[in-house]
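Take a look at the sequence and model below.

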Amino acid sequence: MRVLTSRRAAAAAAALALTAPSGATAARFAVGLEQGASAAAVAKRVRETSGGSVSILAPFALTLEAQSARRVARLRGVAYVERLDRVRRLAFVPTDPFAKRQWYLDSIKAFTFWPQLPAIRAPVYVAVIDSGVDGSHPELQNRVEDARSFVDDFPRKDAQGHGTFVAGLIAAEANNALGIAGIGFPVKLLVAKVVRADGTISPEAEAKAIRWAVDRGAQVINLSLGGTRDPLQPARDTFSQLEASAVDYAVKSGVVVVAAVGNGDQAPSLPWTYANYPAALPHVIGVSALARDGSVPAFSNRDPIYNDLAAPGQDMLSTLPRALTETRPLCVEQGYSQCGPKEFKRGEGTSFAAPLVSAAAALMLSEQPTLAPEQVSLLLRRSAADVTPLTGCAPCWTEHDSHSGWGRLDVDAAVRATHAELPRPDQFEPNDEAGHRAATLGKRQRVLNLQATLDYWDDRADVYRVWLRRGQRLSASVNGLGLLEAQLLLWRPRTRVVQRRLPATTRPLRRSAGFGFSQRLRPYRAATTGWHYLEVQLPVPSSGGYALTIRR
Ligand SMILES: [Ca+2]
Ligand SMILES: [Ca+2]
Ligand SMILES: [Ca+2]
Ligand SMILES: [Ca+2]
């Protein structure tokens with residue numbers, strides 16, 4: 001063991017020596033050889049011309065270390081000359097004139113993954129369900145694939161400006177020598193207008209818009225909107241079953257749903273300790289805001305569970321409809337938020353944090369189009385940069401916290417993660433409730449073995465419909481594979497609600513016994529014939545796969 005350790009130390013010392021600069025100005029080059037050229041003969045000519053040191057790398061190239069490789073490219077037998085000592089992963093830097101003022105681009109490493117703006121293979125469709133988008137805006141006119149209004153107004157008009165601001169963050173044309181750079185360069189927008197003139201949104205319009213976006217081929221849905229959640233005061237809790245069903249429809253269709261956790265200035269008190277709906281629904285990626293100094297602003301709602309990650313949401317710069325900025329005719333940057341009304345001038349809110357995550361999800365799907373929503377969500381959370389007191393947020397503790405979720409969005413790490421080992425998808429999602437929302441299992445097989453996943457923050461329950469005849473016995477066991485301490489609950493036929501039930505109204509027929517990673521449901525003899533519901537539930541913070549066995 002000692003030998004190994006000292007050899008490693010020696011190797012480390014050698015590596016350090018190699019990375020130290022050898023001569024102040026010497027640079028390294030690759031010199032490509034023309035087909036059929038003699039490597040030795042070309043090496044001699046290169047050495048004489050440059051005065052540097054040359055070695056043969058392979059039959060097709062030489063390496064040259066010299067002050068300069070000027071004139072080498074013109075030598076007989078040389079195909080090309082290329083510098084070798086450049087950083088391989090140069091970040092693409094957008095040339096848009098306001099890009100330097102988009103401080104959030106660096107903070108989330110928006111373009112680090114790409115050495116230059118890549119050619120777009122296939123577009124990724126992102127739905128912006130909002131106040132409409134100014135369809136004539138020069139930064140957005142080529143990015144809007146389709147638009148539909150679910151209120152009494154035109155979808156490509158945006159009198160309020162919110163939707164155009166959100167759309168610009170996601171998809172403003174990058175590298176067009178104009179204005180800002182949107183992050184999602186492969187994105188085509190599906191614009192669904194749902195905000196009424198008074199600024200409110202009906203759950204019907206939202207649900208119709210989600211359905212339209214899914215059917216129209218959206219791969220990501222951005223919801224920079226929401227309503228208050230208050231589990232302690234049901235009277236002011238705005239849970240909507242319709243909204244939950246619409247989100248289920250999207251998740252079932254493989255669509256990533258991103259929502260702002262909401263701003264406390266619309267809540268009963270500030271800061272507010274619960275994420276808004278729809279961010280607080282399972283499978284929805286809830287996004288909180290970060291300030292430029294790394295803190296989480298007071299307006300950004302806290303939530304110990306449904307706050308998934310944080311992204312910049314203060315001092316934001318984006319596109320605005322010209323009709324809005326024209327009210328300030330002396331402002332030169334027409335069509336951008338710095339010329340907008342007060343509320344957009346230095347745009348802030350979780351509304352503007354969520355679109356950065358939507359764009360990141362689109363970039364991940366551009367790399368790996370087959371990713372399931374729960375894979376995108378888990379990769380985004382796992383690759384986030386932890387927000388702690390050291391990064392500027394005094395009340396944010398290590399790893400997940402109620403202020404910043406899993407931390408700051410890191411686009412580079414998230415996109416890289418799509419090329420590494422992927423988390424297991426769950427083919428039964430969404431199956432978070434009893435009734436029609438449960439996953440139906442085959443009626444006939446006596447023994448059912450299946451594998452699925454649970455996640456305390458995003459998918460706390462999987463519910464399966466299991467057919468039992470009167471008198472038939474059922475037993476089950478769940479194995480959390482060393483990670484999950486899952487429980488089993490069996491519910492009687494015609495149960496509709498198990499997650500949001502009032503505790504006194506319904507009780508399970510059986511609960512599993514045991515502690516740890518393996519739990520068993522002792523045999524139950526059915527009192528009536530019908531679809532029973534077997535729920536696998538995760539009461540403690542963890543995430544991973546499980547194996548479920550059902551015998552009847
Ligand atoms: Ca631009
Ligand atoms: Ca943290
Ligand atoms: Ca699941
Ligand atoms: Ca589930």
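## Strand S9 and its neighbours

Four bridges link S9 to strand S10 (residues 284–290), and the two run parallel. Strands pair if DSSP finds at least two bridges between them. Val257 has Val284 as its bridge partner in S10. Strand S8 (residues 220–223) is also joined to S9 by four bridges, again in parallel. Here Leu223 has Ala259 of S9 as its bridge partner. From S8 the chain passes through helix H6 (residues 241–252) to S9, a right-handed β-α-β crossover. Right-handed means that, with the strands pointing away from the viewer, the path from the first strand over the helix to the second runs clockwise.

This is a predicted model: local features need pLDDT of at least 70, side-chain atom pairs count only at pLDDT 80 or more, and totals for chains, interfaces and linings use all residues. Residues are numbered from 1 along each chain as its sequence is written, while chains are lettered from A and ligands numbered from 1 in the order in which they are written.

Helices (H or I, at least four residues) and strands (E, at least two) are DSSP runs, numbered from the N terminus.

In S9 (residues 256–260), five of five residues are buried (20 or more other C-beta atoms within 10 Å of a residue's own, with C-beta atoms placed from the backbone). Val256, Val258 and Ala260 point one way. Val257 and Ala259 point the other way. In a regular strand, side chains alternate between the two faces of the sheet.

Key:
A residue is buried if 20 or more other C-beta atoms lie within 10 Å of its own, exposed if 12 or fewer, and partly exposed in between; C-beta atoms are placed from the backbone.
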